[in-house]
Amino acid sequence: MSTSTDRTVRDRLGVSPDAAAWCTIGKIPEPPAEAHRAAGSGPLRPASIRPLGMLGVALGSPLLFIGKLLSLLGAGEEALKRMLSTTGEQERHRAAKLDEKRRDQAVVELGLDKTFDGDWNGAAGRFLLQWYSHSSHHQRLVALAGDRILLAAPPTRVSIRRDALMQVVAEIPAGDATLADPLPAFENDRLLLRFKDGSWLTLTTEEWRSELHTYLMRHPQPGETQATEA
């Protein structure tokens with residue numbers, strides 16, 4: 001994060017976190033009606049984009065098209081470079097593609113393509129049922145702050161100024177859950193919020209190998225290397 005962003009995070013959270021990153025979750029599966037009622041029958045989806053935000057998306061669509069075109073041109077250029085590259089460069093490219101394949105296989109094998117472990121009676125399932133009651137925004141800033149895991153977001157979904165409008169919407173004592181990088185051998189965008197009862201949520205970070213990934217690599221958490229049951 002930039003210095004200005006760090007300052008905004010400190011001001012909005014009220015603390016200086018050890019590490020933080022914006023994350024999303026997958027689609028929340030349809031829960032049992034009884035479990036949903038017991039949790040307050042809260043929303044299971046983020047709010048829709050507001051009209052002003054939709055206008056921004058519409059105005060930005062041409063830029064997205066141009067970006068896609070440039071991306072395709074770049075991919076073609078990379079393919080040409082690979083054709084003309086040395087044997088050593090080709091070997092490194094094949095090794096990188098193999099790593100990507102292994103990472104994608106590990107995501108499926110560990111169940112990291114799922115939003116959570118599937119037990120609505122577990123701590124993760126109960127927490128998930130409150131997710132969009134805390135905020136209708138589609139993202140959460142997940143921050144490690146000493147003995148707490150903080151989740152922050154604007155109270156409602158916004159298209160801009162998410163940092164300036166965010167507030168802490170959930171706080172989890174470190175004794176109740178830990179944050180872990182389930183794929184430390186790969187550059188990846190997945191994190192696990194693992195509760196002490198063994199239940200878990202999958203978080204997808206906005207950037208690959210985020211600040212949280214780097215922090216967890218340097219400060220391994222208890223049980224971080226344990227495999228997740230699919």
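In what sense do strands β1 and β2 pair, and over how many bridges? Hi everyone, let's start there. Strand β1 covers residues 19-24, strand β2 covers residues 140-145, and the two pair in the antiparallel sense over 5 bridges. Pairing here requires that DSSP finds at least two bridges between two strands. Strands are DSSP runs of E with at least two residues, helices are runs of H or I with at least four, and both are numbered from the N terminus.

A quick word on the source. This is a predicted model, where local features need pLDDT of at least 70, side-chain atom pairs count only at pLDDT 80 or more, and totals for chains, interfaces and linings use all residues. Residues are numbered from 1 along each chain as its sequence is written, and side-chain values use heavy atoms, with hydrogens and water left out.

Back to β1. Look at Ala19: its bridge partner in β2 is Leu144. β1 also runs antiparallel to strand β7, residues 200-205, with 2 bridges joining them. There, Cys23 has Thr205 as its bridge partner.

Now find His213, in helix α8, residues 211-218. His213 is buried too, at 3% relative accessible area. Beyond its neighbours within four places in sequence, His213 contacts residues including Asp181, Asn188 and Thr205, where contact means heavy atoms within 4.5 Å. A polar atom of the His213 side chain lies 3.4 Å from the backbone oxygen of Asn188. Finally, 193 residues separate His213 and Ala20 along the chain, yet their C-alpha atoms are 9.5 Å apart.

Definitions and conventions: Buried < 20%, exposed > 50% of the residue type's maximum accessible area, 1.4 Å probe, protein only. Polar contact = N/O pair within 3.5 Å; in protein donor to acceptor, adjacent residues only side chain to side chain.
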